[in-house]
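Have the viewer open while you read.

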Amino acid sequence: MAYIKPFKAIRPAKDKVSYVTSRSYQEHSKEELDAILHYNPFSFLHIINPGYKFDKKVTGSERFHLVHNRYLEFLEDNILMKDAQDCFYLYEIKKNDYSCCGFFCATSVNDYKNNVIKIHENTLDNREKMFANYLETVEFNAEPVLITYENNKVIADIIDKEKDKNPDYLFTTTDRISHKLWAVSNKTVIQNLQKAFSKVEALYIADGHHRSASSKLLAENLKKRNPNHSGKEPYNFFMSYLIPESEIKIFEFNRMVKDLKGLSKKEFLIKLDTYFRIENKGSMLYKPTKKHHFSMYMDGEFYSLYLRKKVYPFSDALSELDTQILFKTVLEPILGINDLRNDRRIEYGYGKHNVISMKDDIDNGKFAVGFSLVPVTISEIKAIADAGLVMPPKSTYIEPKLRSGLAIYEL
């Protein structure tokens, strides 16, 4: 059963919260990042880009130490402040077509190791080690793991009741997203949430597999070096944002390939015919409509590809996943792409407008062919995690995407 723990968060001063929190570092263009660092001295991006202060690019352990120093400066200047009480932190996000509400808490490394917190992606050892070293040096965790759980009325009622109160934060960011945060310190409410989650059999990582794996590695490393290890130390937990599965939004990742591996267009279509019923849809924009149905764009035309189920055996939850089907029927055997993560002949795109940009890139000669898929469902994610299987890379793009620096967990 799942164990969740309140914690004393490091949070932005109320009058500076809209200036401090930021989108993920990777989401900014270089020009946007430079502008924020130049004009906003309160941005959390100053902490994770510490070389800006010295007009110097820093990497590795030098960067990690400077991140820690910038963090201490934000604390000393009261830009960031530590709460006096252990809390859960409800956080609601609203934009035009989407809203969700979950909460920040500390989740257990033991739950992760014992498969109470379940995964659906593989991680890379070098990234795990790098991020574990980063966490040990900076001594804080500012980016939560996004975790989902089955809709639960008891949990929903507790959260809804707390949301009736005035929020601690209420602000809107320049991307027109509204943010609310409530610090829940009432011990009875905390205990009721913990009791409700003690009856939840499994939690599922939606986003943040490397962060959770690195937290496990950090806990193992620090345990070995701590002769008085009790299991209650902060490093035995990692910060997560828990959200009901109905409020997760999943987008597809489309696939674009740079060449047909020497095949002509006709030869390629003939090979596809083994596994798919193919229909030429012409030049008008065309997207897939259901599971096991794909859209392909090549040489100025869209094609509908319906899987021939009699010639493709379904053996487990992974074999039924569309990204796996495309890999096993097209990308690997026909186009010779064996490594979906590292092969430079393949690239990925997500979002409702990606089909248009994919078409443009193919028309401009950047790619030879592109494939559109329907989004993976939360049921498919859970089935694969429950079976101990892992999805192909870039199978899901999941919202919400959380802001950095809103709640920080000290290790």
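Over which ring does the charged end of Lys5 sit? That would be Phe237, with the charge 5.2 Å from the ring centre. A charge sits over a ring if NZ of Lys or CZ of Arg is within 6 Å of the ring centre and within 35 degrees of the ring normal.

| Charged end | Ring | Distance to ring centre |
|---|---|---|
| Lys5 | Phe237 | 5.2 Å |
| Lys16 | Phe42 | 5.5 Å |

A word on the source: this is a predicted model, where local features need pLDDT of at least 70 and side-chain atom pairs count only at pLDDT 80 or more, while totals for chains, interfaces and linings use all residues. Residues are numbered from 1 along each chain as its sequence is written, and side-chain values use heavy atoms, leaving out hydrogens and water.

Now the rings. Those of Phe, Tyr and Trp (its six-membered ring) pair if their centres lie within 6.5 Å; planes under 30 degrees apart count as stacked, over 60 as edge-to-face and the rest as tilted. The count comes to 23 aromatic pairs. Take Phe64 and Tyr134: their centres are 5.2 Å apart and their planes at 80°, so this pair is edge-to-face. It links distant parts of the chain, with Phe64 in helix H4 (residues 60–76) and Tyr134 in helix H6 (residues 125–138), 70 residues apart. Helices here are DSSP runs (H or I, at least four residues), numbered from the N terminus. Phe64 and Tyr134 are both buried, meaning under 20% relative accessible area with a 1.4 Å probe, protein chains only. Elsewhere, ring pairs tie Phe88, Phe103, Tyr149 and Phe197 into a cluster.

On to the cysteines. There are zero disulfides in the structure, a disulfide being a pair of cysteine sulfur atoms within 2.5 Å. For Cys87, the nearest cysteine sulfur is that of Cys105, 13 Å away. Cys87 is buried, at a relative accessible area of 5%. Cys100 has the sulfur of Cys101 as its nearest, 7.4 Å away, and Cys100 is buried too, at 3%.

Last, helix packing. How do H7 and H8 run past each other? The axes of helix H7 (residues 153–163) and helix H8 (residues 187–197) come within 9 Å and cross at roughly 155°. Axes are lines fitted to C-alpha atoms, for helices over the stretch in contact, with angles from 0 to 180 degrees between N-to-C directions. That makes H7 roughly antiparallel to H8, the word for angles over 145 degrees.

Definitions and conventions: Helix = DSSP H or I, 4+ residues; strand = E, 2+ residues; numbered from the N terminus. Buried < 20%, exposed > 50% of the residue type's maximum accessible area, 1.4 Å probe, protein only. Parallel < 35°, antiparallel > 145°, perpendicular 65-115°, else oblique.
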